[in-house]
Amino acid sequence: MAMLASDLEALIRQALPNAKITVDGEDGVHFAAEVIDESFRGLNRVQQQRAVYAALKGKMDGPNGAVHALALTTKAPD
């Protein structure tokens with residue numbers, strides 16, 4: 001049930017096609033991601049992160065989720 005960083009990036013890219021996305025993680029269940037997207041402008045950090053989590057389509061839901069942990073940084077472009 002492990003995922004690749006590229007799989008996680010692809011899920012986020014489907015929801016945020018113009019975002020700058022960087023995903024790191026080699027063990028298949030623990031990841032760090034930075035997502036920079038214009039759609040985040042005017043949103044607080046919680047709203048931004050909810051948008052990214054929604055893009056994961058349940059991959060972090062509950063003990064059977066494919067992703068165990070995601071250290072997430074979000075922001076609008078400078």
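Predicted model: local features only at pLDDT ≥ 70, side-chain atom pairs only at ≥ 80, totals over all residues.
The side chain of Thr74 reaches the side chain of Gln48 through a polar contact of 2.8 Å. Once neighbours within four places in sequence are left aside, Thr74 touches Val35, Phe40, Arg45, Gln48, Gln49 and Val52.

Strand β3 belongs to an open sheet of three strands, arranged in the order β1-β2-β3 and with mixed pairing. The edges of the sheet are formed by β1 (20-24) and β3 (69-75), each of which pairs on one side only. On the β1 side, strand β2 (residues 30-36) runs antiparallel to β1, and five bridges join the two. Within this part of the sheet, Lys20 has Ile36 of β2 standing opposite.

Two helices accompany the strands. Helix α1, made up of residues 5-15, lies across β1, β2 and β3, and its direction makes an angle of about 155° with β1. Helix α2 (residues 45-55) lies across β2 and β3 instead, running at about 125° to β3. This brings the description back to Thr74, whose contacts include Arg45, Gln48, Gln49 and Val52, with Gln48 also being the partner in the polar contact between side chains.

Terms used. Residues numbered from 1 in each chain as written. Heavy atoms only, no water. Pairing = 2+ DSSP bridges. Helix = DSSP H or I, 4+ residues; strand = E, 2+ residues; numbered from the N terminus. Contact = heavy atoms within 4.5 Å. Axes fitted to C-alpha atoms, helices over the stretch in contact; angles between N-to-C directions. Polar contact = N/O pair within 3.5 Å; in protein donor to acceptor, adjacent residues only side chain to side chain.
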